[in-house]
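Please look through the structure shown below. The paragraphs after it begin with its salt bridges and then move to helices, core and surface.

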Amino acid sequence: MKAPGPQPQPRPRSWARRPGAQELLGFAAAGLLAYAADLALFVWLRGPVGLDPLTAKALSFVAGCSVAYAGNALGTYRHTTTGGLRRYAVFFAVNVAGALVQLLCILISHYGLGFTSPRADTVSGAGIGMALATVLRFWGTRTLVFRGEGRVGSWTG
């Protein structure tokens, strides 16, 4: 017979152990590596190589997308089937859509609302725009590129 009184409650799972948390963390890690590759290549192409900013950014963007794809395909979504060039093309399109979201945020802020300082452009593009673009990229990557194959649980826990 058990003693009356409060019974111990099961410990809640830590956030990192929730279903889908590893997916979200893996996506973030791949994104950070891609961002670092994009930034480093852009700085190198603009500096020592001497390319114009648009060419340098286009090349660094493609390199960053490739790093993000590799990180997600070989890490976060390694349990899914491989898709080859078509899957990379869809991944690239999702990342282009994310870049357009960032540009749209700058367009609205700079030209629509009149916030024209470099700081305002940074906040709207690299802050708000990056946050919105990351949500779009996560959704697109898991929904359109790597689909639900072998996924366990919801990413929201």
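Two salt bridges are found when the whole structure is searched; a salt bridge here is a side-chain nitrogen of Lys or Arg within 4 Å of a carboxyl oxygen of Asp or Glu. This is a predicted model, in which local features need pLDDT of at least 70 and side-chain atom pairs count only at pLDDT 80 or more, while totals for chains, interfaces and linings use all residues. Residues are numbered from 1 along each chain as its sequence is written, and side-chain values use heavy atoms, with hydrogens and water left out.

Glu23 and Arg142 are both buried, where buried means under 20% relative accessible area, exposed over 50% and partly exposed in between (1.4 Å probe, protein chains only).

Asp38 forms a salt bridge with Lys57, and here too the closest N and O atoms are 2.7 Å apart. This pair also links distant parts of the chain: Asp38 is in helix H1 and Lys57 in helix H2, 19 residues apart. Asp38 has a relative accessible area of 12% and is therefore buried. Lys57 counts as partly exposed because its relative accessibility is 37%.

The helices named so far belong to a chain with four helices and zero strands, which reads α-α-α-α along the sequence. Helices (H or I, at least four residues) and strands (E, at least two) are DSSP runs, numbered from the N terminus.

Helix H1 has 26 residues, and 37 Å separates its first C-alpha from its last, close to the 38 Å expected at 1.5 Å a residue. The expected span of a helix is 1.5 Å times one less than its number of residues.

Helix H2 covers residues 53-76; its 24 residues should span 34 Å at 1.5 Å a residue, and its end C-alpha atoms are 32 Å apart, which agrees. Among its buried residues are Ser60, Phe61, Gly64, Cys65, Ala68 and Tyr69. An α-helix has 3.6 residues a turn, so residues three or four places apart point the same way. The cover over the buried residues of H2 includes helices H1 (21-46), H3 (84-112) and H4 (118-145).

What do the helices share in the interior? The largest nonpolar core has 10 residues: Phe27, Ala34, Ala68, Tyr69, Tyr77, Phe91, Val94, Phe138, Val145 and Phe146. H1, H2, H3 and H4 each supply at least two residues of this core. A nonpolar core is a set of buried Ala, Val, Leu, Ile, Met, Phe, Trp, Tyr and Cys residues joined through side-chain atoms within 4.5 Å.

For the chain as a whole, 27% of the 157 residues are buried. Of the contacts between residues at least 6 apart in sequence, 63% join residues at least 24 apart.

The accessible surface of the chain is about 10,200 Å², and carbon and sulfur atoms hold 70% of that surface. Tyr111 lies in helix H3 and counts as exposed because its relative accessibility is 64%.

Note on methods. Contact means heavy atoms within 4.5 Å. Accessible areas come from the Shrake-Rupley method with a 1.4 Å probe; for residues, only the protein chains shown count as cover.
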